Structure formats: C-alpha cells, structure tokens
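Begin with the sequence and the structure.

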Amino acid sequence: MRTRAITVGSALGGLILLLLMVLAPVASARATGVPDVAAALKQGPVYVDPGAADQLSTADASALATKIKDADKPLFVAVLPANAQFPPENLLRNVRTQTGITGLYAIRLGDGFDAGADRSVMSNAAVDNLVTSVKQPGVDAATELNNFVDQALPTMRGSAPASWGTASGDSGVPVAGLVTLGAVVVAGGAGAYAVVRRNRLRKEAEERAALDRLRVVVDEDITAFGEELERLDFHPAEAGADDAMRGDYERALDSYDTAKSRMGAVTRPHEVREVTQALEDGRFSLAVLAARREHRPLPERRPPCFFDPRHGPSVTDRSWIPAGGAAREVPVCAADAARLDDGQDPQARTVDTDGGRRPYWEAGPAYGPWAGGYFGGGILPGLLVGTMLGSMLSTPAYASEYGGGDFQDFQGGDFSGADFNPGDFGGGDFGGGDFGGGGGFDGGGGF
C-alpha cells in the first residue's frame with residue numbers, strides 16, 4: 001500500500017513539475033512593446049499582454065478569439081497595460097503598421113478603449129460610432145470587447161488572414177497572454193474544446209449543404225448565359241460588325257469564362273457572389289451588343305430583373321408587394337413589367353428549399369450570396385426587406401455563416417448597423433477614443 005502511494009504521489013509530482021516547466025516561460029514572459037503585439041496578432045485575433053492579464057481572463061480571451069475566427073473576419077483585439085511600453089500616441093496606427101494586415105483593430109489600453117480600420121474593411125464613421133456605442137464608464141474589458149466585436153462582425157468586410165490558420169487550429173489567443181493556461185486545461189479545457197469542435201463541425205456541415213444548393217442554381221445560370229451567347233449568333237467578322245461590337249462580345253465571353261472558372265474554385269458560400277457578379281456583367285455586355293446590332297439606343301446600366309436575373313438587365317421599375325410584406329419598387333424586365341401591369345404574377349426564379357420549390361426571396365440564407373452578386377450590397381436589402389431572405393441578411397448569424405458582412409453599403413431606411421454619418425444623425429460626441437491615435441486609420445495618409 002505504501003509503495004502504491006509513493007508511486008501515485010511521484011507521478012502526480014512529476015505531472016505538476018512538468019506543468020510548471022511548461023508554464024514558467026509563459027508566466028515570466030514580458031512583452032517589449034508594439035512589435036510583440038504585432039507578432040502575436042499575426043498568429044491570432046486576440047492578444048492579452050501579461051501586464052494586463054487581470055483585465056481579460058484566459059477563458060474570455062479564448063471565447064472572443066473563437067467568435068472572431070468562426071466569423072472569418074479580419075478583426076484584431078489587443079488588451080494592453082497603460083505603461084511606458086505602450087505610449088498612447090499613434091498606438092493604433094503603429095500596431096496596424098507593424099502587423100501589416102488590412103483589418104479592424106481594437107485596443108483596450110488600461111481603462112481606455114479605441115479602434116481603427118482600413119477603409120476597405122470599415123468606414124471611419126462606422127468605427128467612430130461603434131467605439132462610442134460600447135464605451136461606458138466603469139465597464140469591464142470583457143463586456144466592452146464583446147459588445148464591440150458583436151456589433152462589428154456583421155458589418156465589416158474582408159476575410160481572416162491565412163496566418164491565423166484554419167478554424168480547426170488553435171483559438172487564436174497568443175501564448176504570451178495565457179498566464180493561466182494550465183489551470184484552464186486542467187479544469188475544463190477538454191469540455192470547452194468539445195463545445196467549440198461541435199459548433200465548428202455544425203457550421204462546416206451547414207456551409208457544405210448551402211454550397212451544394214448554390215452550385216445547382218449557379219450552374220443553371222451559367223448554362224443559361226451560354227445559351228444566350230449561342231442564340232445571339234454574333235461573329236466578329238460578320239458584315240456590319242465594328243470594334244465596339246467586337247469589344248462587347250469579347251467582354252461577354254470573358255464574363256462567361258470567368259464565371260465558370262470562379263465557380264470551379266468556390267469553396268465557401270460567400271465566394272459565389274463573384275460568380276453571379278460576373279454573369280451580371282456579361283448579360284449587360286450582351287444587351288449593349290444587341291442594341292448596337294439593331295441600331296437602337298444603348299441601354300443604361302441597371303440592375304438585372306429582380307424576379308429572375310436570367311431575364312437580363314431591367315428596363316424599368318414596378319411596385320411589388322411580397323406575401324405579407326409592404327410595397328416597394330423593384331427593377332424588372334419588359335416582360336415582367338407587362339405581367340404586373342396586367343395584374344399577373346411575374347415569372348419568379350424558384351429554388352429548392354426543404355419545403356419544395358419557392359421563389360429565392362422565400363428561401364433560406366444560402367441564396368444571399370447568389371442574389372448579392374447580381375444586385376450588390378446597396379440595393380439588395382431594400383428590395384428584400386420584409387421577406388425571409390431579407391430578414392436574414394442583417395443578422396450576425398448570417399454574417400458568420402454566409403458572408404453577410406459583404407452587404408454593408410446600405411442606404412437611407414435600410415439596415416446599416418453602425419455605418420452612418422453622425423453629422424446626419426445628430427447628438428452624441430464623436431470625438432475619438434480615450435487615448436491618442438484617433439478612431440480610424442484614414443487620417444495622415446491612410447492605408
């Protein structure tokens with residue numbers, strides 16, 4: 001019995017010693033300044049400096065990093081102590097410069113908070129509005145950062161950097177900030193990993209199912225466009241053909257080839273948007289070519305027919321009321337305009353759903369990227385407001401699962417998140433953050 005006790009005690013002592021050896025470098029590590037922050041953010045979305053470990057727990061940092069990585073967005077968060085290693089002046093710009101990755105950067109410096117973004121990711125107005133909305137006197141770091149991230153993810157553009165690795169990798173929290181890693185692993189790391197893994201597998205399964213449905217619809221669109229090219233029966237050397245016609249035809253062919261190649265390379269649902277955008281460009285080129293051949297005035301660039309983009313560019317707008325919704329103006333082709341004027345239903349594009357074939361605006365969120373490529377971010381939410389698909393486009397879940405953050409160029413009356421001009425709204429003191437550097441990277445040359 002005594003021998004067994006000694007053996008067990010020795011094994012336990014060895015395990016503790018090993019754990020202390022692993023944690024010793026972590027606990028003693030000290031950041032030397034912005035270069036260490038930048039190096040850490042290249043490896044993951046959240047960095048907690050050892051000197052600020054009391055502000056954000058390891059569990060909270062890991063959960064925040066997982067949320068950002070699952071959304072596949074370039075959002076960088078740093079929690080730093082207010083000391084001489086991190087002078088507040090130009091801190092945001094310096095972190096962005098040394099990290100070298102386009103994105104949205106948020107820094108909690110002591111009790112202060114500020115953020116900044118590249119223009120391609122989020123506008124200055126949106127950043128300022130987000131910072132102002134989450135800053136509350138006495139709020140703790142976990143609450144402030146989670147509020148910021150939750151509001152930012154649905155409206156920002158771009159994808160997570162490849163240097164973060166795949167979603168199946170680590171949580172994205174740098175080692176230098178995990179001063180309590182051993183305790184978390186012993187107490188509940190396995191359970192937390194199981195939850196994260198289960199959520200990740202669910203998301204991957206949903207994305208695969210969504211992409212399978214999208215492939216069917218987009219392949220139909222590509223085939224239909226190829227048939228339009230054949231029906232046109234244009235030959236660059238035919239009598240009456242000029243350079244302008246040949247240019248239109250070449251652009252249409254390029255769009256067709258682009259759509260096919262991009263669809264062949266698609267791995268995520270949101271990538272489909274580039275495919276349908278290429279098809280929309282090609283159909284407009286065909287419409288211009290047809291007008292030149294028939295000596296008609298060239299058409300203006302308009303969105304495709306709302307009811308079915310395969311109908312080609314719209315020629316006018318008509319009032320339309322979806323089931324259970326309110327009236328709105330939608331772009332329509334000549335044939336659907338005539339049907340509506342006669343009191344008939346338009347020829348709507350239907351897609352597969354769990355309940356059978358339905359118009360795409362009554363289908364699930366998977367068809368958002370498909371529609372977005374045709375109509376663009378600015379016009380789409382207004383067209384779909386009050387429909388099933390429209391209600392999904394503005395949710396954080398859609399942004400995370402299907403790339404809904406792409407639909408951020410909203411106009412008056414539409415869902416815009418934080419992306420509005422405070423001068424047009426009135427009220428509030430949009431004066432930047434609590435520390436130097438300002439609420440954006442656009443000043444002083446920008447990126």
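A salt bridge is a side-chain nitrogen of Lys or Arg within 4 Å of a carboxyl oxygen of Asp or Glu. The model is predicted: local features need pLDDT of at least 70, side-chain atom pairs count only at pLDDT 80 or more, and totals for chains, interfaces and linings use all residues. Residues are numbered from 1 along each chain as its sequence is written, and side-chain values use heavy atoms, with hydrogens and water left out.

The structure holds 23 salt bridges. One of them joins the side chains of R268 and D72, at 3.4 Å from N to O. R268 lies in the loop between α8 (243–265) and α9 (272–293) and D72 in the loop between α3 (58–71) and β2 (75–80), so the bridge ties together parts 196 residues apart in sequence. Helices (H or I, at least four residues) and strands (E, at least two) are DSSP runs, numbered from the N terminus. D72 is buried, at 15% relative accessible area, where buried means under 20%, exposed over 50% and partly exposed in between (1.4 Å probe, protein chains only).

R293 forms a salt bridge with E238, with the closest N and O atoms 3.2 Å apart. R293 is partly exposed at 27%, and E238 is partly exposed at 22%.

A further salt bridge joins R349 and D308 at 4.0 Å, N to O. Both residues are buried. R349 and D308 also belong to a network of salt bridges with E220, D221 and R310.

Turning to the helices, L130, V131, S133 and V134 in α5 meet E144, N147, F148, Q151 and A152 in α6, contact being heavy atoms within 4.5 Å.
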